[in-house]
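Please look over the structure first.

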Amino acid sequence: MEQKAIAVLTSGGDAPGMNAAVRAVVRAGINKGMKVYGVYRGYNGLLNNDIEEMNLRSVSDIIGNGGTMLYTARSTEFPKPEGIQKAADFCRSKGISGVVVIGGDGSFRGARKLTNAGINCIGVPGTIDNDIACSEYTVGFDTAMNTAIQMVDRIRDTAQSHDRCSIVEVMGRHCGDIALQTGIATGATAILVPEIEYNIERDVIARIINTQKTGKKHFIVVVAEGVGGVEDLAKYVEQRLGIETRATVLGHVQRGGSPTLRDRVVASEMGFKAVELLDQNIGNRVVVMREGKIVDLDINEALDMKRVFDEDLYNIAMSISI
Ligand code: ATP
């Protein structure tokens with residue numbers, strides 16, 4: 001029987017822990033007797049013949065590295081019908097019957113189309129935002145939050161020394177999970193997330209005033225990227241309350257860095273599971289975390305799910321961050 005061949009790619013925004021997932025796919029595949037190709041720069045690699053056969057040592061020394069050794073990209077050519085066909089034909093020409101796609105929702109939409117074109121694809125959620133509805137956890141989230149809390153802790157040191165207010169923007173375009181958890185972990189007086197409509201007077205000013213009454217003189221406000229406007233908010237707080245206020249946008253520092261234990265372990269489990277599915281010739285699935293377990297879901301079902309914001313956790317934050 002011909003040796004089975006699979007491929008692995010990383011797509012969309014990079015996330016710490018993607019390397020651990022790639023490593024797991026390569027090693028699990030080879031251990032099952034498969035040929036495993038690494039595809040460079042997301043779906044572009046399937047369009048430009050930019051792939052390389054991996055061996056057990058190709059993925060040595062990457063588990064602790066941020067970024068992705070396969071590079072990542074957003075491909076404009078791939079989503080077009082001709083792009084999908086070209087990628088599927090390329091896979092067939094190399095004998096590749098399955099592809100593990102590590103990325104976000106957009107990458108999974110691409111994986112669904114490639115599966116429909118005859119190449120079994122399995123999605124693995126890799127994005128720092130934790131914004132994939134079908135999974136409780138996305139690879140990169142823990143590292144990003146740990147970076148964010150380290151940064152906010154540093155900002156807090158200087159805010160405290162100067163009796164200042166610091167407004168910190170953390171990542172999360174549509175999803176406030178990084179802001180919420182970072183806000184709780186750093187004792188932010190106010191947390192603004194895209195999922196919850198806010199009123200500056202009620203949700204920022206009144207909270208700072210109430211906290212001031214308890215004797216506190218420095219304040220942290222954590223704002224998700226999707227809410228934005230931190231410079232204007234800082235000016236408003238300073239004018240309104242007479243407290244020196246600074247805005248900081250953490251930006252891409254949150255995307256880099258050595259992945260945490262959690263990201264390395266979850267990525268390894270998810271990568272391994274993806275290979276098990278391809279080994280059974282199963283495609284069109286996404287590997288997810290549900291109730292703390294690594295399981296797989298139909299990709300259509302997964303993409304139709306709506307994210308549920310953890311309002312209980314938000315309410316806890318509002319109650320104790322005073
Ligand atoms: P992130 O959460 O980091 O943004 P993502 O996977 O959602 O990750 P996208 O830029 O949306 O990032 O998608 C990555 C790539 O997947 C795109 O550049 C494109 O090539 C492919 N893709 C996205 N949406 C589709 C689609 N509807 N059909 C086919 N391919 C798609």
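At what angle do helix α5 and helix α6 pack, and how far apart are their axes? Helix α5 (residues 141-161) and helix α6 (residues 177-185) pack at about 45 degrees, with axes 9 Å apart. This is a predicted model: local features need pLDDT of at least 70, side-chain atom pairs count only at pLDDT 80 or more, and totals for chains, interfaces and linings use all residues. Residues are numbered from 1 along each chain as its sequence is written, and side-chain values use heavy atoms, leaving out hydrogens and water.

**Helix pair**
- α5 passes α6 in a right-handed crossing (the near helix is turned clockwise from the far one by less than a right angle).
- Contact means heavy atoms within 4.5 Å.
- From α5, Phe141, Ala144, Met145, Ala148, Ile149 and Val152 meet Asp177, Ile178, Gln181, Thr182 and Ala185 of α6.
- The residues of this contact divide into 8 nonpolar, 2 polar and 1 charged.

**His218**
- His218 sits in the loop between α7 (200-213) and β8 (219-224).
- His218 is buried, at 10% relative accessible area (buried means under 20%, with a 1.4 Å probe and protein chains only).
- Beyond its neighbours within four places in sequence, His218 contacts Arg156, Ala159, Gln160, Asp163 and Arg164.

**Ile243**
- Ile243 lies in the loop between α8 (230-241) and β9 (245-249).
- Ile243 is buried, with a relative accessible area of 7%.
- The C-alpha atoms of Ile243 and Cys165 are separated by 6.6 Å, though 78 residues apart along the chain.
- Leaving aside neighbours within four places in sequence, contacts of Ile243 include Asp163, Arg164 and Cys165.

Definitions and conventions
Axes are lines fitted to C-alpha atoms, for helices over the stretch in contact, and angles run from 0 to 180 degrees between N-to-C directions. Helices (H or I, at least four residues) and strands (E, at least two) are DSSP runs, numbered from the N terminus. Ala, Val, Leu, Ile, Met, Phe, Trp, Tyr, Cys and Pro count as nonpolar, Asp, Glu, Lys and Arg as charged, and the others, Gly among them, as polar. Buried means under 20% relative accessible area, exposed over 50%, partly exposed in between (1.4 Å probe, protein chains only).
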